[in-house]
Amino acid sequence: MYRYILRRLLLTIPVLLGLTVIVFLIMSLIPGDPALAILGSYATPENLARLRAELGLDLPLPQQYLVWLGNILQGDFGRSYTLNRPVLDEVLERFSATLILAGTSLAICVVLGVVAGIVSAVRQYGWADRIITLLVLIGISVPAFWLGMLMILLFAVELRWFPVSGMYAIYGGGDLPDLLRHLILPATALAVVAAGVIARLTRSNMLEVLRQDYIRTARAKGLDERRVVFGHAFKVALVNLIPVIGVQAGFVIGGAVYIETVFQWPGIGRMLVNAISTRDILLVQGGVLVVAASYVLFNLCADLLQHWLDPRIKA
Amino acid sequence: MMAFIRLLARNRLAAFGALMLLLLLLLALVTPLLPLLDPNITDPANRLQPLFSEGHWLGTDQLGRDILSRLLWGMRISLAVGIAASLVAALLGSLIGILAGYFGGRTDNTLMRGIDMLMAFPYILLALAIVAVLGPGLMNALYAIAIVNIPFFARNIRGATVGIAHREFIDAARLSGKGNTRILATEILPNVLPVIVITLSTTVGWMILETAGLSFLGLGAQPPQADLGSMLGEGRRMMINAPHVATLPGLVIFILVMSINLLGDGVRDALDPRLKSGALSRPAPMTRIRRHESSGAAPQKSRDTALLRVDDLRTDFEVGRQRYHAVNGVSFTIQPNECLGLVGESGSGKSVTALSLLGLVASPPGIINGGDIHLHSRHQPSRDLLSLKPREIRHIRGNDVAYVFQDPLSTLHPLIKVGDQLVEAIRQHQPLSHPAARELAVKLLGQVRIPNPEQRASQYPHELSGGMRQRVGIAMALANDPELIIADEPTTALDVTVQAQILSLIQHLREEKGTSVLFITHDFGVVSQVCDRVAVMYAGRIVEIGPTQEILDNPRHPYTQRLIDCVPRLGEPDHEPAAIPGLPPPANALPAGCAFAERCDLAEPRCREGNIELIATDKERQVRCIKPLGLTAKISEGIEHD
């Protein structure tokens with residue numbers, strides 16, 4: 001067990017390094033001169049040269065990478081020139097807002113998806129299965145940004161149940177109930193697609209498991225159907241579903257980009273879109289790196305969890 | 001190809017999707033020919049016209065441009081970009097997948113590590129990073145989405161390629177001197193094409209959605225060019241005053257993607273052989289029983305002491321329009337403390353008979369189509385098992401009647417400790433506390449001679465040896481002191497010494513507890529060790545039944561004779577174990593007369609006619625043969641005497 005964890009942790013290091021290489025390469029491919037971007041077009045050649053030397057841009061690429069990596073490891077992601085503050089501060093602040101949204105959304109989609117999938121499998125070809133299959137199909141076909149807009153129009157503008165956008169009310173907000181009120185619509189809109197995928201995979205997984213011999217054994221013992229489905233079949237299906245949920249977390253974080261734009265949520269997705277439009281490369285770099293690294297770590301946790309739940313691979 | 005299209009057409013949802021998609025594609029193609037307003041002509045005086053206004057069916061946008069015209073032109077672009085991105089991703093991804101799968105080794109490692117790196121990024125994030133480098137624009141969005149989707153193709157196609165790269169026909173092609181390129185193009189590609197098509201049909205919708213998404217964020221199509229996504233993004237600003245400007249493009253994206261996904265699901269179902277057979281059907285909690293009315297022909301006779309009486313049991317498997325008669329009119333009884341052997345080749349219907357007794361045949365496709373099963377347990381009046389409610393059957397399962405299955409690795413739950421599996425079986429039928437049940441479980445494990453039962457109880461099935469696992473299976477069957485144990489090939493998966501141990505254990509428990517046993521096996525050697533009586537099954541029917549020793553000494557049915565001859569005999573080197581030539585008849589096309597006639601040396605024309613009944617040859621023996629072995633003389637003698 002501990003050896004597996006250790007090995008898995010060690011294996012994560014090259015993946016994280018690989019991420020930094022990709023992000024570094026992508027960013028160094030960008031045409032144009034960062035020094036020029038920072039100083040503006042009125043910069044003197046001497047100033048440009050000095051800044052380039054300061055930024056290490058006159059070094060060969062591998063050396064640049066090492067310098068950059070060293071800075072990253074010390075938490076120095078550079079300064080955002082549009083916001084004029086350290087990239088890391090901005091990224092962490094924005095990312096925590098995204099985590100609140102994406103985390104809630106992931107919880108919603110796992111619960112919805114798993115429940116729908118189980119019902120669908122247990123009532124295979126029944127009306128509940130048909131309705132769920134249809135809803136799932138709609139869920140995975142609907143553009144999340146459009147669904148978000150429709151939800152705003154219906155629940156915020158028309159019915160006035162929820163605020164239109166933002167994370168906190170501008171006046172007198174800031175407490176937890178206020179956050180929840182702002183959270184429900186975007187988290188639900190964001191959950192729909194992943195819930196559809198999870199429901200589908202839960203259904204097929206449950207059907208697969210329910211055909212196994214040990215399920216027949218459970219029935220031969222005289223267990224009632226509830227025990228057979230939840231105590232025996234779901235136990236195995238859940239273990240199989242954990243990596244799926246890990247992958248879906250990536251889709252949820254990605255989808256947050258749209259939802260944050262629609263709902264004006266101050267998360268990292270919106271920050272990235274703005275940074276791309278304003279060519280704030282360091283901000284893009286830092287944002288992408290932090291999100292990707294946390295996604296890798298999340299999947300690491302999913303792996304370890306699956307490993308912990310499944311005694312068969314505890315070798 | 002035709003079969004594929006037919007399958008697709010039969011799936012009504014997929015056909016609907018295909019129709020919708022065809023319509024939209026057609027609309028996109030003829031858009032330039034339609035009498036539409038120019039999508040880019042602005043008319044500030046007529047901005048934000050509502051739906052159905054004059055000259056503008058779907059109103060106008062913030063610059064007074066005709067929405068209908070913009071929708072159709074936008075859909076053209078969205079479709080073109082989405083399909084182009086899919087093709088690029090399919091091409092590059094398939095190439096990587098085929099190369100990695102075919103060459104393996106270092107090529108595989110390098111390529112797939114790269115793919116893994118791409119997949120380490122959350123989906124959209126990578127696309128954003130790529131757009132950040134290339135700059136916003138429709139083509140750049142196309143590249144970004146294509147790159148992001150390459151891993152899906154690479155992984156799926158690599159898997160498919162690995163599956164066939166070492167098959168005989170590839171080796172043959174290599175030996176015939178074909179180069180790698182030719183093998184890849186002529187042998188590998190056609191075989192992995194279905195996988196490419198499945199992956200493509202399930203990702204096109206996604207890619208259209210994602211390109212629209214990038215445009216929505218303002219990173220795709222740039223004005224004045226507009227696809228559906230960017231229309232939505234621009235319209236979002238007047239969402240509250242003029243919701244139709246943004247909602248209509250979204251609706252079109254939704255319908256487009258939905259019809260593609262409907263079609264994609266249909267394509268996947270039609271191409272995926274695993275789904276074709278209906279293998280993914282969920283077995284119901286109890287086997288379906290059709291039109292069963294207790295025939296009344298088998299009421300409990302006053303002096304009938306039988307624990308179990310089965311009469312004319314019929315279990316079929318219905319797959320599509322085919323009906324397979326797995327159990328075709330089987331009757332037998334089991335007395336208290338008796339062990340009845342049920343012998344036959346695989347597919348003879350013996351396991352299905354056993355599973356039918358408590359409704360454990362997977363259904364669909366299984367269905368019990370007739371017969372009576374009466375159980376007369378100690379403290380209960382005789383019950384007709386086929387007319388009981390599921391709740392009542394559950395009360396009998398594992399309590400009055402328990403099963404021991406063949407392969408204990410697949411029949412024990414892999415993620416539950418064996419002790420807990422036992423506790424669960426005990427507590428389902430006995431009102432014991434958890435600690436008390438646990439104590440009993442450990443005791444049971446001791447009874448089946450598992451050393452260190454206390455410690456074993458906290459282990460998982462995979463941590464035990466095959467023999468130990470089967471002992472656990474037996475302990476579980478014993479948990480509630482059943483009157484009948486149905487042992488379905490309990491020793492087949494075990495090696496010979498363990499087999500002998502398990503047999504003697506069953507024998508011992510039977511003597512000690514007075515349990516009856518229905519022992520299913522294909523091995524007459526095993527039968528002779530444990531069974532009092534034996535019933536021989538062939539093609540879903542009992543062909544001979546009687547006391548074990550008498551049948552072994554003097555088989556009456558030619559099939560029984562052949563089965564006995566299959567067993568090697570210790571100390572008789574001259575005895576050649578003889579396999580039975582031929583195969584049993586298919587269960588969906590059973591011949592008239594004797595089902596064994598085709599394989600029988602002694603068959604004559606009248607063996608293939610009518611229905612051959614099971615006839616009693618003496619008090620305890622019955623055989624289904626018109627000229628039973630070693631009997632012709634006896635019967636004629638009898639007739640002469642009368």
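Predicted model: local features only at pLDDT ≥ 70, side-chain atom pairs only at ≥ 80, totals over all residues.

User: Why is the meeting of R200(A) and D265(B) called a salt bridge?

Analyst: A salt bridge requires a side-chain nitrogen of Lys or Arg within 4 Å of a carboxyl oxygen of Asp or Glu. The side chains of R200(A) and D265(B) have an N to O distance of 2.3 Å, and the pair therefore qualifies. Between chain B and chain A, the count is three salt bridges.

User: What makes Q264(A) buried, partly exposed or exposed?

Analyst: The relative accessible area of Q264(A) is 33%. Buried means under 20% and exposed means over 50%, so Q264(A) is called partly exposed. Q264(A) lies in the loop between α10 and α11 of chain A, and its phi is near 55 degrees, a positive value in a residue other than glycine.

User: How do you know which of these words applies to D312(B)?

Analyst: D312(B) has a relative accessible area of 36%. This value lies between the limits of 20% and 50%, so D312(B) is partly exposed. D312(B) is found in strand β2 of chain B and has a positive phi of about 50 degrees, although it is not a glycine.

User: How many residues of chain B are in contact with chain A?

Analyst: Contact means heavy atoms within 4.5 Å; 70 residues of chain B are in contact with 75 residues of chain A. The two chains bury about 6800 Å² between them, 72% of it on carbon and sulfur atoms.

How values were computed:
Residues numbered from 1 in each chain as written. Chains lettered and ligands numbered in written order. Heavy atoms only, no water. Buried area = accessible area lost by both parts, 1.4 Å probe. Helix = DSSP H or I, 4+ residues; strand = E, 2+ residues; numbered from the N terminus. Buried < 20%, exposed > 50% of the residue type's maximum accessible area, 1.4 Å probe, protein only.
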